[in-house]
Amino acid sequence: MKLNINFDLLDSAISKMGAKKIIFEPKATTPEPPNIGDTAGVEININDIEINLDGGGLFEYDGRQVLLFIPNHNPRYKSIEEVLHDPMRGNRFHVSDCSTLQQMKERNNYNKYHVTQNLSGKFKIYNEGKEKDGQNAKLHVCKNCLEKLNYKNYKNEIYNKKQEIFENFDIGEFFERYSTLFEYLPNIESDRQKEATTYTDNWEAVSKDYRASKNYVCETCDTSFIKDKHLLHTHHMNGKKDDNTQSNLKAVCIDCHRKEPKHRHVYMDYEQLQKINITRREQNKVNIQGWDDVFKFTDLSIHGYLKLIENQYSIPDVATILEYQGKKVALDISWTRNNKKSAVVTEYAYDLLNFDDWNILTIGDAIIEYHKRATNDIQNQAQSALELEAMMNYTTQIETILESMGAKARGLHGKVTKVQKKLSKDVVFRLRRIATIRNKKMHQAGFENYIFKDFEDDCRIVLDYLNKIIKF
C-alpha cells in the first residue's frame, strides 16, 4: 500500500531549528545486485539479462537499466595501457540490443560481457589473463546503439553533430532519459551527496517559499501541482546551487525539470509521468499546435522515436486519456483522425487491452515497425529505380526501330502516329500504353498505377513484332 503523507510542516520546523538536511533515498524492495554499481560490474550470461522491448531494446537486470561492456582487452590488438592513453582504442560499451551485439550472439561471444549501472563513465578493464591488474578507464558508447535508439536524433544528424553526441555521451543523462521505463532508479546516492554540499543550508525553506510564491504552478507547462506538491521542483537556472536569488529560480514539474539545461540528473518513474500527464490534460494545459509542443509535453524516452517520424507523420496529440473501470491511463502520443485510432506509449498497461478500437504500440514496437517500413521503402525505391532503367532501355530500342521506319517526330506518341498505318492495331494499342506509362513514370511524381510485368510483356511483344517486320 502506498502512503501519501505531507511533511511540509515537519520540514519547516526542522529548517527553523537549523538542522542540516540529509538526503534520503528510499531503498528498493529487493536488494541491489552485488557490484552492479561498481566499475567492474557483474559478469553475465545471455540468459541472465532481459531486453526491454517496450523501450526499444534497452538492457534490464533485476528491474534496473544497465550497460554492457567487455572488460577483457587483448593486448595484441589494444592493451589497457593504450586505452588509458586514448579511450577511442577501447572496446565500446552497449546501451541497447544493437546489430553489433546480434553479431556477438551469433559468434557466441555474448557471455564475455559485464553489466553495470555505474554513472562515472569509467569501466574496470584488464589485459587478457590479468584480471587482478585491472584499472578504471574511460570507454566510449557504441554508435550502433545510438543509431538504433535514435538517441538525441543521432540517426538523422550530420557527421559533425553525430560525433558531438557520441563524444559527449553521459551515462547519467542517458539513464535519466529512460527512467520511466524501469522499476528501479539508478543508485545515485553518492552523486546526490556531492550535489547536496553545493546547496545552501536554508535551501529547503527557500525552495518551499519560492514554489509557494508561484502557487505551486509549473512555470514551463503552466500546470498547478498544489495537490501534488512533491511533483514540483525549484530549478537553479544558471546551474549554481548556492545562488538563490529570485531571478535564478524557476518552479518546474519533474518532467519539465528534466528538460532544463544546466541541471543534474532528474529521474522520473512511470507513475509520476502518468500523474503529470493526467493533471495537465485535466487542467487543459496540453495545447498542441506543432512539433515543438509535442516535444515539450512528451517524456524524454519517446523523443528518439518522435525525431524519426517528425517529417513523415502528421502531428500527434499528447496525453489523450482513456478510462476503464474508473482508472485513467494517459497515452503518450496518439492519432485519432484515422479510421483506426493509434497510439504509442512508454508502458503497455493491461487496461489498454480493453480498447479494441485502438492500435496501441510501445516505443520499442513502434521503432521496429518504423525500421521495417523504412527498409521496405528503400527496397521499393531500389526496385523502382531498376524498373525505370528497364523502361528507358525498352523504349529506346522501340524508338530506334520506329525511326528506322521513317518515324521522324518528338516523343514515342509522335513516332507511333507517323508510322501507325504500317503497324497492326494491337501493336499500336500496346505502343500507346507503353508511351503513356513511360511518360507518367518520368514526369509524374509517385506514379505507381501500373504493373511492371505487364509493361515488360507489352514491350517484348512490340519489339518481337517490329524486329520481324523490319526484316522484310
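**Close-up views of the predicted model**

View 1. The model is predicted: local features require pLDDT of at least 70 and side-chain atom pairs count only at pLDDT 80 or more, while totals for chains, interfaces and linings use all residues. Residues are numbered from 1 along each chain as its sequence is written, and side-chain values use heavy atoms, with hydrogens and water left out. Serine 314 belongs to the loop that lies between α12 (303–309) and β11; helices (H or I, at least four residues) and strands (E, at least two) are DSSP runs numbered from the N terminus. Setting aside neighbours within four places in sequence, the contacts of serine 314 (heavy atoms within 4.5 Å) are Trp291, Trp335 and Arg337. Tryptophan 291 is 23 residues from serine 314 in sequence, with 9.4 Å between their C-alpha atoms.

**View 2. The open sheet β11-β12-β13-β14.** The 4 strands of this open sheet follow the order β11-β12-β13-β14, with mixed pairing; two strands pair if DSSP finds at least two bridges between them. Because β11 (317–324) and β14 (358–362) each have a single partner strand, they stand at the edges, and one side of each is left without a neighbour in the sheet. From one strand to the next the twist averages 45°, where axes are lines fitted to C-alpha atoms, for helices over the stretch in contact, and angles run from 0 to 180 degrees between N-to-C directions. Strand β12 (residues 327–335) pairs with β11 in the antiparallel sense over 7 bridges. Within this pairing, threonine 320 stands opposite leucine 331 in β12.

View 3. Phenylalanine 69 is in strand β4 (residues 64–69) and phenylalanine 123 in strand β7 (residues 122–127), so the pair ties together parts that are 54 residues apart in sequence. Phenylalanine 69 is buried, at 0% relative accessible area, and phenylalanine 123 is buried at 0% relative accessibility. The pair of phenylalanine 169 and phenylalanine 174 is tilted, because the ring centres are 5.3 Å apart and the planes lie at 45°; both phenylalanine 169 and phenylalanine 174 are buried. One aromatic cluster consists of Phe69, Phe93, Phe123, Tyr151, Phe169, Phe174, Phe175 and Tyr178.

**View 4. Nonpolar cores.** The largest nonpolar core has 82 residues; such a core is a set of buried Ala, Val, Leu, Ile, Met, Phe, Trp, Tyr and Cys residues joined through side-chain atoms within 4.5 Å. Phe93, Val95, Phe169, Phe174, Tyr305 and Ile333 touch the most other members. Not counting residues up to four places away in sequence, phenylalanine 93 touches residues including Leu67, Phe69, Phe123, Val141 and Phe169. A second, separate core of 26 residues includes Met391, Ala407, Leu431 and Ile437.

View 5. The structure has 0 disulfides, a disulfide being a pair of cysteine sulfur atoms within 2.5 Å. For cysteine 98, the nearest cysteine sulfur is that of cysteine 145, 3.6 Å away; cysteine 98 is buried, with 2% relative accessible area. The sulfur of cysteine 221 lies 3.5 Å from the closest cysteine sulfur, in cysteine 218, which is too far for a bond. Cysteine 221 is buried at 3% relative accessibility.

Methods:
Buried means under 20% relative accessible area, exposed over 50%, partly exposed in between (1.4 Å probe, protein chains only). Rings of Phe, Tyr and Trp (its six-membered ring) pair if their centres lie within 6.5 Å; planes under 30 degrees apart count as stacked, over 60 as edge-to-face and the rest as tilted.
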